[in-house]
Structure formats: structure tokens, C-alpha cells
Amino acid sequence: YEICACLVGSEMCIRDRQRGIQMTKISILEQLKQADAEGYAIPHFNYSDIWDMTAIVRAAEEMHSPVMLAGVPKVTNALTMDTVAAMAHSLADNAKVPVYLHLDHSTDPQICKDACDHHFDTVMIDGSKESLERNIEMTADVVSYAHPRGIFVEGEIGKIKGNTEESQYANGDFLVQVPDAVKLVQLSLIHISEPTRHAQIS
């Protein structure tokens, strides 16, 4: 059987599968390859505090699923990067499933670098509001800092449809143009706006 649990702030869904998954933490790239090969998703949930973090990890354990703990700069700035990293790493070290620490939607390359210095597994540099040239420049800067440290980078291109502060666009400019996406091939992970929807509940 499969049980899917979708929450506000998630970008994927948890899938509980009787056949089980690899519980030893491996690199996020290898984990994504394994998930693709075995046909399951790695859920990504945003947190605001230690209680959110704990609930996310406990739910992932119940579902026998790897999980990504994602914090936006508004949260990491409020709690401090030191505090967020300490809480997340403590939970990850004691979890029964692989837990990956992710910096979500950072528009500042320096915050991404700070997250790298705090041993986040992945960071997202969101230059989607900038020109394509500036977006590429920001992304390349973060990639050059993160990759030698074994940290994967997610970039963004296009605009996100939904009810969040990221969801600002005019007419059809949220659509991604393929030639523009090709120019971002330096990224480890590319977050393209379509068909993503953020914080929309029917």
C-alpha cells in the first residue's frame, strides 16, 4: 500500500512503501538517483522552529522515508544559522531515516555560503527575480563555493504560481524558456516554476 501526506510548504509527498528503502544516509545526489530508480519521492518540508523540525523527522520515520528539512532565510535569520544548524544536525544524527538539511529560496549568495559553512547538505540560490545574466552570475558564485565542499546547489528560473511571497509575476512571464534553462546547466538541481504550485489548497 501507499500513503501520501501532502502538507502546506511541501514540494513533494511522503510515500510509505512496504518494500522499504535504504536507511543509511548517502549523498543527496545518490539519494535522488535511488528514489528515481525505485519510484518514490523525497519529501521537502519547511520548518519554522524545533517543533516543526521534530514533527517532520518523526513523520518521516513513521513513513520510512528520507526527508529534506528546509529553512528559508527569514527563519535562519530569526533563529540564527548556528541555532538552526545545531537543531537540525542533532535531529539528523539521531534519526532512523536519512535527513538532509536544506537552505530554501535564499536570494543572497552570502547566506548560501554561510549555510555551506554550517554543513547544510543542499542550498538554494533563488535569482529568479533578477535578470537571467545576474541569475547565472549569482548561481555560479554559489556553485563555485558549494561544490568543492560537497554541497549541492539548487537554482531557480521562472516564477512560481501560488499564494506565497515568491508568487509575483505578470501575464505569462512565469513560464520558463528552454534556452534560458540550458544556460543554467552548472546547477546540481534546477527548480523550474512549472508545474510547481506553492501554498495552494483546494
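Where is lysine 74 found?

A: Lysine 74 is found in helix 3, a helix that covers residues 73-79. Before we go on, a word on what you're looking at: this is a predicted model, where local features need pLDDT of at least 70, side-chain atom pairs count only at pLDDT 80 or more, and totals for chains, interfaces and linings use all residues. Residues are numbered from 1 along each chain as its sequence is written, and side-chain values use heavy atoms, leaving out hydrogens and water.

A helix here is a DSSP run of H or I with at least four residues, a strand is a run of E with at least two, and both are numbered from the N terminus. Counted that way, the protein chain has 7 helices and 10 strands.

Back to lysine 74: with 59% relative accessibility it counts as exposed. The cut-offs are under 20% relative accessible area for buried, over 50% for exposed, and partly exposed in between, using a 1.4 Å probe and protein chains only.

Now walk along the chain from helix 3. Threonine 80 sits in the loop between helix 3 and helix 4. Its phi is positive, about 80°, even though it isn't a glycine. In general, most residues other than glycine have a negative phi. Threonine 80 is partly exposed, at 38% relative accessible area. Histidine 64 is another case to look at: it has a phi near 55°, again positive in a residue other than glycine. You'll find histidine 64 in the loop between helix 2 and strand 4, and it is partly exposed, with a relative accessible area of 43%.

Strand 4 runs over residues 67-71, and methionine 68 has its place there. Methionine 68 counts as buried, at 10% relative accessibility. Its C-alpha atom is 4.6 Å from that of tyrosine 100, which is 32 residues away along the chain. Contact here means heavy atoms within 4.5 Å. Setting aside neighbours within four places in sequence, methionine 68 is in contact with Ile28, Ile42, Pro43, His44, Phe45, Tyr100, His102 and Thr122.

Alanine 85 lies in helix 4 and counts as buried, with 4% relative accessibility. Leaving out neighbours within four places in sequence, alanine 85 touches Leu101, His118 and Phe120. For leucine 101, 16 residues apart from alanine 85 in sequence, the C-alpha to C-alpha distance is 8.1 Å. Alanine 86 lies in helix 4 as well, but it is partly exposed, at 48% relative accessible area. Alanine 86 and histidine 118 are 32 residues apart in sequence, with 8.8 Å between their C-alpha atoms.

Helix 4 has a packing partner too. Helix 2 (residues 50-63) and helix 4 (residues 81-94) pack at about 20°, their axes 11 Å apart. An axis is a line fitted to C-alpha atoms, for helices over the stretch in contact, and the angle between N-to-C directions runs from 0 to 180 degrees. Helix 2 and helix 4 are therefore roughly parallel; that label is for angles under 35 degrees, while over 145 is roughly antiparallel, 65 to 115 is roughly perpendicular and the rest are oblique. On the helix 2 side, the contact uses Ile50, Met53, Thr54, Val57, Arg58 and Glu61, and on the helix 4 side Val84, Met87, Ala88, Leu91 and Asn94. Sorted by class, that gives 7 nonpolar, 2 polar and 2 charged residues. Ala, Val, Leu, Ile, Met, Phe, Trp, Tyr, Cys and Pro count as nonpolar, Asp, Glu, Lys and Arg as charged, and the others, Gly among them, as polar.

Finally, zoom out to the whole chain. Buried residues make up 45% of its 202 residues. Of the contacts with a separation of 6 or more, 65% come from residues 24 or more positions apart.
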